[in-house]
Amino acid sequence: MLGRAPIVDFDGTLARLGVDWDGLRARLGLTSLDELWTAEEGAGGGGELDGQAWRAVTAAEVAAAREAQPVERMVSALARCQGFAVLTGNSQAAVNAFLDRRPELGSLCLAVAGRETLRGSKRDPAAFSRGFQLCADATKEVRGGDPLVYVGDLAWELAAARQLGALAIDVTEVL
């Protein structure tokens with residue numbers, strides 16, 4: 001179903017991060033974390049990942065990743081693959097913290113495109129496309145002639161992956 005080397009989302013697809021997003025946004029005075037991208041760009045930062053707010057978000061994600069429960073059906077499905085790449089709006093450090101706890105997965109991970117690579121919100125089509133292309137390139141050799149597969153948990157990301165030519169699968173459909 002997933003082929004030899006799919007691209008997968010992280011939070012909600014590969015792991016369940018226990019971040020208190022509402023509390024974190026309230027502490028930071030935000031209604032959405034995407035506001036941090038706008039603030040960075042408006043300050044002339046060009047979407048660079050720096051500042052106290054981003055550090056707080058990353059710290060919360062990494063702490064949660066160190067305790068995160070895996071989505072077992074995805075872990076089982078990925079164990080049958082030859083590799084995979086992760087495309088996420090979370091920090092790459094959070095993905096790495098999770099994979100460090102699961103070396104059987106870490107050894108199969110060919111690339112991680114997190115917000116540091118995306119340089120913008122994953123909801124931004126240009127940022128999604130940038131991360132998607134990096135993941136597609138990283139899995140190309142292992143995929144061989146298999147179709148490009150993306151697994152996620154949100155309708156908008158599945159639609160974005162389809163627009164980029166992938167077979168998009170909702171994580172709930174993974175057996």
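## The largest pocket

The lining of the largest pocket splits into 6 nonpolar, 6 polar and 10 charged residues (Asp, Glu, Lys and Arg count as charged; Ala, Val, Leu, Ile, Met, Phe, Trp, Tyr, Cys and Pro as nonpolar; the others, Gly among them, as polar). Leu-33, Gly-89, Asn-90, Leu-154 and Trp-156 sit nearest the pocket's centre.

## What you're looking at

This is a predicted model, where local features need pLDDT of at least 70, side-chain atom pairs count only at pLDDT 80 or more, and totals for chains, interfaces and linings use all residues. Residues are numbered from 1 along each chain as its sequence is written, and side-chain values use heavy atoms, with hydrogens and water left out.

## Lys-122, tucked away

Lys-122 is in the loop between H7 and H8. It counts as buried because its relative accessibility is 8% (buried means under 20% relative accessible area, exposed over 50%, partly exposed in between, with a 1.4 Å probe and protein chains only).

The Lys-122 side chain makes polar contacts with the side chains of Tyr-150 (3.1 Å) and Glu-157 (2.7 Å). A polar contact here is a pair of N or O atoms within 3.5 Å; within protein, one must be able to donate a hydrogen and the other to accept it, and residues adjacent in sequence count only if both atoms are side-chain atoms.

Key: Helix = DSSP H or I, 4+ residues; strand = E, 2+ residues; numbered from the N terminus. 1 Å grid on protein atoms, 1.4 Å probe; cavity = no way out; pocket = protein on both sides within 12 Å on 5 of 7 lines; lining within 4 Å.
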